[in-house]
There are 2 protein chains.
Amino acid sequence: MADETKILLAESEIPTHWVNLMPDLPGTPAPPLRPGTLEPAGPDDLAPIFPMALIEQEMSAEPEIAIPDEVREIYRLWRPTPLYRARRLERELDTPAHIYYKYEGTSPAGSHKPNTAVPQAYYNREAGIGRLSTETGAGQWGSALAFACRLMGMDCEVFMVGSSYDQKPYRRSLMETWGATVHRSPSQETEGGRAQASHPTGSLGIAISEAVEVAAGDGGTNYALGSVLNHVLLHQTVIGQEAVAQLVLAGEHPDVVIGCVGGGSNFAGIAVPFVRDMLRGGRKARFVACEPAACPTLTRGSYRYDFGDTMGMTPLMPMYTLGHDFVPPPVHAGGLRYHGDAPLVCGLVRAGVVEARAYKQNETFEAAVRFARTEGIVPAPEPAHAIRAAIDEALEAREAGDERVILFNLCGHGHFDLAAYDAYLAGELEDAEFSEAEMDAALARLPETPALA
Amino acid sequence: MADETKILLAESEIPTHWVNLMPDLPGTPAPPLRPGTLEPAGPDDLAPIFPMALIEQEMSAEPEIAIPDEVREIYRLWRPTPLYRARRLERELDTPAHIYYKYEGTSPAGSHKPNTAVPQAYYNREAGIGRLSTETGAGQWGSALAFACRLMGMDCEVFMVGSSYDQKPYRRSLMETWGATVHRSPSQETEGGRAQASHPTGSLGIAISEAVEVAAGDGGTNYALGSVLNHVLLHQTVIGQEAVAQLVLAGEHPDVVIGCVGGGSNFAGIAVPFVRDMLRGGRKARFVACEPAACPTLTRGSYRYDFGDTMGMTPLMPMYTLGHDFVPPPVHAGGLRYHGDAPLVCGLVRAGVVEARAYKQNETFEAAVRFARTEGIVPAPEPAHAIRAAIDEALEAREAGDERVILFNLCGHGHFDLAAYDAYLAGELEDAEFSEAEMDAALARLPETPALA
């Protein structure tokens, strides 16, 4: 095994359970709150748009939750995903570090998103729901849900941010190839959309409100979210569980586990099984969450209650936030442009278990191109942040003469992001500036909420 | 193993040799001829643009040729590729057939092309060559060679057909991400290009002549071709050898082996190991080569000597041809728009070992979308022809109540071809007409050459 490039598992080794970190967290996590009353939000607050099975997972205290057979059967289309030893990159960096990456780009949608899209579609269909609605920006999540709904025999309705709809027609084609109906948002399909009909580009906030409106107003339609919530992070733990088994085969234990963070699901997916092992007294590791310097939620945000969406429709969630109506500057890592982060990930940062780092756009693309030119795979702009951190760790290990074991999550390929590479190679990519003044203003507009520890 | 979706091999099972079918062919294959003298072409005719190791492979009578360790090491980045059992498609078609597909889209370039790009770059580098030149239409081959040259530490110069360069900038970005220099053809870099400077769209013929001119005029630069030639087909036999081993694990033998044919390399890659086994007295199978009805070389072409390139610069090759200056109508399966086909494949069709079928564009996309909606993977337009044939075989098997074992080569994904899906889903795809009159005229323009048996 020692000289393999890819460490593979058999389909029988696809995890049978998802790992729920909640019962292992120190202390009691702050609950989400109902806006207005500031009472803890309960299942009833979520029932209009989510099926009870997912609400139960959202609030579960069980350390493991069984994966339904039908979901595991579909996982077989691309799971277990390979764990690569980046030997060529190690040689290029002349480092004694051992660099491993888990590659989630082998899914039909090209990212980790189907890991949760498939069970979300499954539980909704089991609850008698025939259609899911969602929003999508660049299209990663919309594609994954379109794929999952098709395999479950359900309809899928996607509200795609107008500017993306206009600029990225192929992402729309991909969703339509899987049978989804894609609306340019703002659309004429919803009250929220019609009220914003003159908005030239649309926004994720408007698209979310359209998707939620469709779900809330139709008993046969539910809403699906691609990150942030506990049940979404839960589903992604198949990634980390496989990585644990694969590193055992390689006879290694990671000294550092790295992922990029937008809403937090791919990072949690790879990190949680290792975090739980450490919290239970197992071997220690460092955990590094990477975000864009243009949207530095974990490194520069405020730890407090805020809405999960731009329009202020969700329960208030305890998290690092830049203010829910803060608009981050445009960067090509569209999946990382989120004002908040998953409460679970934020809590781990707050507790000092996870370290956060922010990178500028050009330094992430420099890392992505270096990776493509040694390992072959062209990464999506989001995991390029994780690659940047992995390379920095490997260079530190060289300075220290340290056989550091580095694991990162390569959560998707960049086949749909080549316009960004084009801009980088042409020297036209800007390191967009983060505005602390705008963040402060956005935070000042938030309602009073209980302070967090 | 019986219920696995993907049949996987270990990296140690990557083939150690390529399979050369030449010594097993019945009779003596007609040799390529020097234009002008019509004498058999020899190594000297190829030496200005190819290294001797590849010329020896081109003319070899050895039944197996060892794969260099360094090439096998790079193959590990994506090989062995998975063999899928298409259980979901079987259920959708309600067929007793067993459908298997070999998936070559897992390579960094997204197709089977790197299987030959890597050894071609390797042998050139070993011969002291520092740069390869080539042409590319849609960009599949140019991407693969850019990737291979980068991993071998060589320069790569790609002449990209002008209309593709303008319409598919992301294919160019992909090649540039791997460090290649990409010229819009006709370019100012060559005499051939400058002579055609006013040509509005360019053509594959012009791009080939530019790439060959660069190689012929520079001792440090050679030329690389992505299909048609014996050594290219040879390198692709890793596909079929792995499929043989994977079907043994599944306890199956194919009744029919299917691939699409443009130049013939992916078809030969999957078929040759099974063909050889049959020619040596092993189990029988049918072999089906699928081509576009808009460019029906094998089904409607003339079996005779013709040039391999549009400009008439190559040796004359014995093959089915539509005439080397015949221009097929535009179809989205750009990789199948070739006037001829590999002499090896043509010889097998002529001998009745391989059956050829032609499909129209809309029926191939109907099959591709059906496949994407059941198996998840969105195929490239080229292997959609193979999917069409596999579905037809499975439906015939249902009629016959026949547990037919069908194997096809899914030689690449469609992530870079979503504009074609967009046109198909919008009902705007035309079933381009093939012009028999234009073929007849093109054939009439050919020089007199010896007749073929």
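Two strands pair if DSSP finds at least two bridges between them. Keep that in mind for the first view of this predicted model.

**View 1. Strands S6 and S7 of chain A side by side.** Here S6 (residues 131-136) and S7 (residues 155-161) of chain A run parallel, joined by 6 bridges. Pick out Glu135(A) and you'll find its bridge partner in S7(A), Phe159(A). Helix H6 (residues 140-151) of chain A lies across S6 and S7 of chain A, at about 165° to S6(A).

**View 2. The whole open sheet in chain A.** Zooming out, S6 and S7 sit in an open sheet of 4 strands, ordered S8-S7-S6-S9 with parallel pairing. S8 (181-185) and S9 (221-223) of chain A are the edge strands; each has a single partner strand, so one side of each has no neighbour in the sheet. On average, neighbouring strands are turned by 25° against each other, direction ignored.

**View 3. Helix H5 meets helix H11 in chain A.** The axes of H5 (residues 114-126) and H11 (residues 230-250) of chain A come within 8 Å and cross at roughly 125°. H5(A) and H11(A) are therefore oblique to each other, and their crossing is right-handed. On the H5(A) side, look for Asn115(A), Thr116(A), Pro119(A), Gln120(A) and Tyr123(A); they meet residues of H11(A) including His231(A), His235(A) and Ile239(A). By class, this contact has 5 nonpolar, 6 polar and no charged residues.

**View 4. Chains A and B about their axis.** Chain B superposes on chain A by a rotation of 180° with 0.0 Å of shift along the axis (RMSD 0.0 Å). The two copies are thus related as by a two-fold rotation axis. In chain B, the C-alpha nearest the axis belongs to His415(B), 3.3 Å from it. Both copies use the same surface: 100% of the contact residues of chain B recur in chain A.

Key
Residues numbered from 1 in each chain as written. Chains lettered and ligands numbered in written order. Predicted model: local features only at pLDDT ≥ 70, side-chain atom pairs only at ≥ 80, totals over all residues. Heavy atoms only, no water. Axes fitted to C-alpha atoms, helices over the stretch in contact; angles between N-to-C directions. Helix = DSSP H or I, 4+ residues; strand = E, 2+ residues; numbered from the N terminus. Parallel < 35°, antiparallel > 145°, perpendicular 65-115°, else oblique. Left-handed = near helix turned anticlockwise from the far one by under 90°. Contact = heavy atoms within 4.5 Å. Nonpolar A, V, L, I, M, F, W, Y, C, P; charged D, E, K, R; others polar. Least-squares fit on C-alpha atoms with pLDDT ≥ 70 in both.
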